[in-house]
Amino acid sequence: MKLSGIGHVPDGWAQAAVARILQELGPKQLLWRSEWPHVAAAHAYAPSYPQTLEWLEELVPDEDARGRVLLGETPAALYRLR
């Protein structure tokens, strides 16, 4: 499951959804995508890359889980890099 588009949903919705997904599926089933810089061309809001990383930190507060979702085992497995 891809985590992205945080600026497209109501406040609190993404946090609740990701917390539930982490509880039910764990970080092994999540992949993060910043959408930056392409989001600026398609939407009225244009978050910076650092802002998208801040969103990820808020959504996945556990550092080990966040590492797995961001640049760890999940993307490596998906793209068969291991």
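Analyst: Start at Val-60. Setting aside residues within four places in sequence, Val-60 is in contact with Leu-3, Val-18, Leu-22, Ala-65 and Arg-66. Contact here means heavy atoms within 4.5 Å. The model is predicted, so local features need pLDDT of at least 70 and side-chain atom pairs count only at pLDDT 80 or more, while totals for chains, interfaces and linings use all residues. Residues are numbered from 1 along each chain as its sequence is written, and side-chain values use heavy atoms, with hydrogens and water left out.

Val-60 belongs to the largest nonpolar core, which has 13 residues. Those with the most contacts inside this core are Leu-3, Leu-56, Leu-59, Val-60 and Val-69. H1, helix H3 (49–59) and helix H4 (63–71) each supply at least two of the core residues. A nonpolar core is a set of buried Ala, Val, Leu, Ile, Met, Phe, Trp, Tyr and Cys residues joined through side-chain atoms within 4.5 Å. Buried means under 20% relative accessible area, exposed means over 50%, and partly exposed lies in between (1.4 Å probe, protein chains only). In soluble globular proteins, nonpolar side chains tend to be buried together.

Now the helices around this core. Helices (H or I, at least four residues) and strands (E, at least two) are DSSP runs numbered from the N terminus.

H3 buries Thr-52, Trp-55, Leu-56 and Leu-59. Viewed down the H3 axis, these buried residues fall within an arc of 100 degrees, so they line one face of the helix. The arc is taken from the directions that run from the helix axis to the C-beta atoms. An α-helix has 3.6 residues a turn, so residues three or four places apart point the same way. The cover over the buried residues of H3 includes E1, H1, E2 and H4.

H4 comes next. Ala-65, Arg-66 and Val-69 are its buried residues. Down the axis of H4 they span an arc of 95 degrees, so they too line one face. They pack against strand E1 (2–3), strand E2 (31–32), H3 and H5. The face of H4 turned away from the buried side carries exposed residues: Glu-63, Asp-64 and Leu-71.

Arg-68 links this region to Glu-73. Their side chains meet in a salt bridge, 3.0 Å from N to O. A salt bridge is a side-chain nitrogen of Lys or Arg within 4 Å of a carboxyl oxygen of Asp or Glu. Glu-73 is partly exposed, at 40% relative accessible area. Arg-68 is also partly exposed, at 21%.

Arg-68 also touches Thr-74, a residue of helix H5. Beyond its neighbours within four places, Thr-74 contacts Pro-27, Lys-28, Leu-30 and Leu-31 as well as Arg-68. Thr-74 counts as buried because its relative accessibility is 10%.

H5 (residues 73–78) also holds Leu-78. Leu-78, Tyr-79 and Leu-81 make a nonpolar surface patch of about 380 Å². Patches are made of residues with over 30% relative accessible area and no salt bridge; nonpolar side chains (Val, Leu, Ile, Met, Phe, Trp, Tyr) are joined within 5 Å, like charges within 9 Å. The areas come from the Shrake-Rupley method with a 1.4 Å probe, and for residues only the protein chains shown count as cover.

The structure holds 2 salt bridges. Besides the Glu-73 to Arg-68 pair, Glu-24 bridges to Arg-20, with closest N and O atoms 3.6 Å apart. Glu-24 and Arg-20 sit 4 residues apart in helix H1 (residues 13–24), about one helical turn. Both are exposed.

Leu-25 is partly exposed, at 47%. Gln-29 is partly exposed, at 41%. The C-alpha atoms of Gln-29 and Lys-2 are 8.6 Å apart, across 27 residues of chain.

Last, the whole chain. The protein chain has 5 helices and 2 strands, in the order β-α-β-α-α-α-α from the N terminus. Buried residues make up 32% of its 82 residues. Of the contacts with a separation of 6 or more, 61% join residues 24 or more positions apart. The chain exposes about 5600 Å², and carbon and sulfur atoms supply 54% of that area.
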